[in-house]
Amino acid sequence: MRLPDSVTRIAIPSKGRLQEPSESLLKAAGIKYRKRDRSLFAHVDSLNAVILFVRPDDIPLLVAEGAADMGMVGKDLIHENRCEKRVTTRLELGYGHCRLALATRTSDGAKSVKALKGQKVAASMVTSAKEFFRRSKVDVQLLEVSGSVEIMVALGLADAIVDLVESGDTLRDNGLEVIETIAQSQAVFIQAQKPRDPKLCELIVRRFEGVLTAQQYTLLEYNVPRAKLKDAEKITPGFNSPTVSDLEDPKWVAVKVMIPKKQSIDIMDKLEALGASAILETQILNCRL
Ligand code: AMP
């Protein structure tokens, strides 16, 4: 079956660690679909779009070639597939954080890139690894492996590895440590250069932005003496500016403002110390700013 050309195609990982968070983000943005067991695509309810379930490594190329209009994928794979100039990154999605790193044996491995000259390096991200050693002007023997990169040193096949690292626990468990970070990565939302329906792409980006902002901010409401309002506004400047309303007592005002979620406790402490009262924090589920 061929998909009609008017339908917008959104490629998402069919497996792996970015699959679940990508599906959750689509759901939170109201992009609903029914996935049948072995089907490779699903129609989106109430939008002229389909979700394509594909291998993560294929997503950059599908979007670069315009076979998909949008895609959710790790930034590392866009670089690895040399698609950076062929796709537009619309949003950083805030999950799938990791870094591409060079690691060696903690006990007696090389402690600099230069010291690896002539040694064996195992990597699954071969393009990125080659580019790194070329840039560093160090000649190494690169071994291409498709998984379990960490074990190659323990097996004596390699002296170092280039691999994606999140916490570093797997490296430590295998007696390895990072000696250089090559690149940072996270999941991103990419768009083809000539999407089938640019307006629909814009709508989807706005929906994602709403969800992502809501994940990072909370709503704070408090009362503060009018004389302290300027100081309070310095603590909570808001996304654009805070909403300030009069109270029955003319000496007091009520403030409603969005604040970064991670700083909420600290901000509440500061407001309380300033003399604010009735400080309430509420979760934002979704927003458009
Ligand atoms: P997977 O399909 O599970 O191999 O997913 C790999 C993608 O997840 C990569 O392209 C990265 O963008 C991201 N990722 C995040 N943390 C890690 C990690 N520790 N190892 C491998 N991939 C990671």
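How do the residues of the lining of the largest pocket divide into nonpolar, polar and charged? In this predicted model, that lining consists of ten nonpolar, 14 polar and ten charged residues.

## The largest pocket

The largest pocket has a volume of about 970 Å³. It is lined by 34 residues, and those closest to its centre are Arg 17, Asp 76, Met 125, Asp 163 and Leu 164.

## The ligand and its surroundings

The shell around the ligand holds 14 residues, of which Gly 16, Arg 17, Asp 76, Cys 98 and Glu 166 come nearest. By type, the shell has six nonpolar, five polar and three charged residues. At least two residues of the shell come from each of α3 (75-80) and β9 (160-165).

A polar backbone atom of Arg 17 is 2.8 Å from an oxygen atom of the ligand, and an N or O atom in the side chain of Asp 76 is 2.6 Å from an oxygen atom of the ligand. A nitrogen atom of the ligand lies 3.4 Å from a backbone N or O atom of Glu 166. The ligand taken alone exposes 480 Å², of which the protein buries 79%.

## The second largest pocket

The second largest pocket contains about 180 Å³ of space. Among its 14 lining residues, Asp 76, His 79, Ser 128, Ala 183 and Gln 184 are the closest to its centre. The elements α3, α4 (126-135) and β10 (176-185) each supply at least two residues of the lining, which divides into five nonpolar, four polar and five charged residues.

Technical notes: Residues are numbered from 1 along each chain as its sequence is written. This is a predicted model: local features need pLDDT of at least 70, side-chain atom pairs count only at pLDDT 80 or more; totals for chains, interfaces and linings use all residues. Side-chain values use heavy atoms; hydrogens and water are left out. A residue is near a molecule or strand if one of its heavy atoms lies within 4 Å of it. A polar contact is a pair of N or O atoms within 3.5 Å; within protein, one must be able to donate a hydrogen and the other to accept it, and residues adjacent in sequence count only if both atoms are side-chain atoms. Accessible areas come from the Shrake-Rupley method with a 1.4 Å probe; for residues, only the protein chains shown count as cover. Helices (H or I, at least four residues) and strands (E, at least two) are DSSP runs, numbered from the N terminus. Ala, Val, Leu, Ile, Met, Phe, Trp, Tyr, Cys and Pro count as nonpolar, Asp, Glu, Lys and Arg as charged, and the others, Gly among them, as polar. On a 1 Å grid over the protein atoms alone, a cavity is a set of points where a 1.4 Å probe fits but cannot get out, and a pocket is an open set with protein on both sides within 12 Å along at least five of seven lines; lining residues have an atom within 4 Å of a point. Grid points are joined across faces, edges and corners, and a volume is the space filled by probe spheres set on the points.
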